[in-house]
Amino acid sequence: IQRSRKALLKNCYATVSQTSPREKDTLNALVYRVNSATDTVENGPLKDVRVAVKDNICTAGIPTTCSSRILETFKPPYDATVVKLLREAGAPIVGKANCDEFGMGSLNLWSIHGPALNPSQYDKSPGSEVELRSAGGSSGGSAAAVAAGLCDAALGTDTGGSVRLPASYCGVVGLKPSYGVLSRWGVVSYADSLDCVGILGKSVGHVQRVFQTLNKFDDKDPTAVHPDARKQAGFLCQERVNAWPGDATLSNLRVGVPQEYFPTELSTAILQPYRNVLRSLAKRGAQIIPVSLPSTHYALSAYYVIASAEASSNLARYDGIEFGLRVDPDNMNHVNQAGDIYAQTRTFGFGEEVQRRILLGTYALTADAFDNYFLQAQRVRRLVRADFDNVFSARNVLSSTSSAPECGVDILLHPSAIRTAPPLVHDAERDVYKLKGSKDDLDAYLQDVLTVPASLAGLPAMSVPAGVGEDKWPVGVSIVGQWGCDEAVLKVGEEIE
Ligand code: GLN
């Protein structure tokens, strides 16, 4: 433990270095390719939808590394329920998609496979100096694979924005469904109370088809929401959807513009595409209504406390004893042997960001800090939920206290991210890619500021491409609905697309 991490790397394991994506001449989107579609039903309804699966979702006999050294050799003996459903529907699985380690990150930089690159401008300038930009994270490989045409749709996971953010940066569609609607069985946990399986696709239609295939109650997932609640929510939302049939007739659609979603950090390049979407909806009769969600300002801090606390508990299972990587100390003796294995395995096996989250989360859960951090964050989470319930026209069927306001809105519309895809630079000293011009790692945390509120409240949210910013890189707008109104969110997405 006294030895530096570098020495450990040398002694214990062959180093898997971050290969430069230029050297590999690839986007580094898929980290494992599947050649034959074994175990996939022929002629199923999704036979024409090639799907990539994020590398933190279990695939039988196929590596599932979570982009972590600690699971580098892990081949699950089973498929996650969502993968099983895809196979049963005949979807060809093309491979495993790069991501941040255990889903922790916003730029896909924290990965043993190296960064996933944004293809939006990548292919378009052959021979010329191509600007390296992040595909976003943590489901960066899934978004880049869809954008580059390596697949038609991809599974990601979204704990605080990891599907919507890369979708926005790469110019594809990304849906985080309502919490508890898609099965998490076989999905490697990051923060259970927030984790959702999400879907990326080249069109809303692709996302919708995959969503409808996966939207099944699974009794193996203890957090799956009961079919009665789904039915109830579906009914309430269907009433609203029927009121705005689409095309030229959006006159009954009430679109909320949350005033707090335009922070000072929001780049002005984002605003024009966002306004264009609002204008086109208004032209077709939709009512645009300013609304206020006052607890938004506290959401990001609360998110990072809750997510880290849950991560510190979840990741305790990687102890070098039960499963995963094991690093034996050099001089094994009887004194404190298990502790040494545990410490060395985790020191070597977890990357820098994951270690940071474990420490942060462990601290937030200690007796001294619990009241000031963890409890406060839970209170903020309740306020964020209440804010949403106060503006939506549909009641939240999961809350006994929620009653819909008289003149509520059907959906909220806001920019998905505060900027277009961030440029990357190579830090030669540490041989890692970093955010260009960034002074500290907090800049990466800030990327999630607009996506975490819907995660804390468990609401369906989808990023849809809305053109490009001044720098010609993609911009996304996000549609957020009441819990269980996923179909309504998809429907509005179709109108915007
Ligand atoms: N960037 C956020 C985090 O690191 C969100 C990640 C995610 O949604 N998986 O926690």
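Start your tour by selecting Asn43, which is exposed, with 6 other C-beta atoms within 10 Å. Asn43 has a positive phi of about 60° although it is not a glycine. You will find Asn43 in the loop between β1 and β2 (51-54). Helices (H or I, at least four residues) and strands (E, at least two) are DSSP runs, numbered from the N terminus.

A word on what you have open: this is a predicted model, in which local features need pLDDT of at least 70 and side-chain atom pairs count only at pLDDT 80 or more, while totals for chains, interfaces and linings use all residues. Residues are numbered from 1 along each chain as its sequence is written.

Now select Asn28, in the loop between α2 (21-24) and β1 (30-33). Asn28 is not a glycine, yet has a positive phi of about 65°. Is Asn28 buried or exposed? Asn28 counts as buried, because 23 C-beta neighbours fall inside 10 Å.

**Colour by confidence**

Switch to pLDDT colouring; pLDDT is the predictor's confidence in each residue, from 0 to 100. The protein chain has a mean pLDDT of 89, and 90% of its residues reach 70 or more. Over residues 1-25, pLDDT stays under 50, and the model has 26 contacts beyond four places in sequence for them. Two residues are in contact if their C-beta atoms, placed from the backbone, lie within 7 Å. Where pLDDT is low, the predicted coordinates should not be read in detail. The model scores are ipTM 0.98 and pTM 0.92.

**The whole chain**

Zoom out to see the protein chain with its 15 helices and 13 strands. Buried residues account for 54% of the 497 residues. Of the contacts between residues at least 6 apart in sequence, 78% join residues at least 24 apart.

**Into the core**

Which residues have the most contacts inside the largest nonpolar core? They are Val51, Ala144 and Ala145, in a core of 145 residues. A nonpolar core is a set of buried Ala, Val, Leu, Ile, Met, Phe, Trp, Tyr and Cys residues joined through C-beta atoms within 7 Å. Select helix α9 (residues 296-314) too: α9 gives the most to this core, with 10 residues.

Show the surroundings of Val51. Leaving aside residues up to four places away in sequence, Val51 touches Leu86, Ala91, Ile93, Val94, Cys151, Ala153, Ala154 and Leu155.

From there, step to Val94, in strand β3 (residues 93-97). Val94 is buried, with 21 other C-beta atoms within 10 Å. Beyond four places in sequence, Val94 touches Arg33, Val34, Arg50, Val51, Ala52, Leu150 and Cys151.

**A cis bond and a loop glycine**

Look at the peptide bond from Gly137 to Ser138, which is cis, with omega near 5°. Ser138 sits in the loop between β3 and α4 (140-147).

Gly149 is the next stop, in the loop between α4 and β4. With 11 C-beta neighbours inside 10 Å, Gly149 counts as exposed.

**An enclosed helix**

Select helix α6 (residues 204-214). Nine of its 11 residues are buried, so α6 is largely enclosed by the rest of the structure. Among the buried residues are His206, Gln208, Arg209 and Phe211. The cover over them includes α3 (81-88), β4 (153-158), β5 (173-176), β6 (196-201), β12 (461-468) and α15.

**Last stop: α7 and α15**

Finish with helix α7 (residues 227-243) and helix α15 (residues 486-496), which pack at an angle of about 25° with their axes 8 Å apart. Axes are lines fitted to C-alpha atoms, for helices over the stretch in contact, and angles run from 0 to 180 degrees between N-to-C directions. That angle makes α7 roughly parallel to α15 (under 35 degrees is roughly parallel, over 145 roughly antiparallel, 65 to 115 roughly perpendicular and the rest oblique). Cys237, Arg240 and Val241 in α7 meet Glu487, Ala488 and Lys491 in α15.

Terms used: Buried ≥ 20, exposed ≤ 12 C-beta atoms within 10 Å, placed from the backbone.
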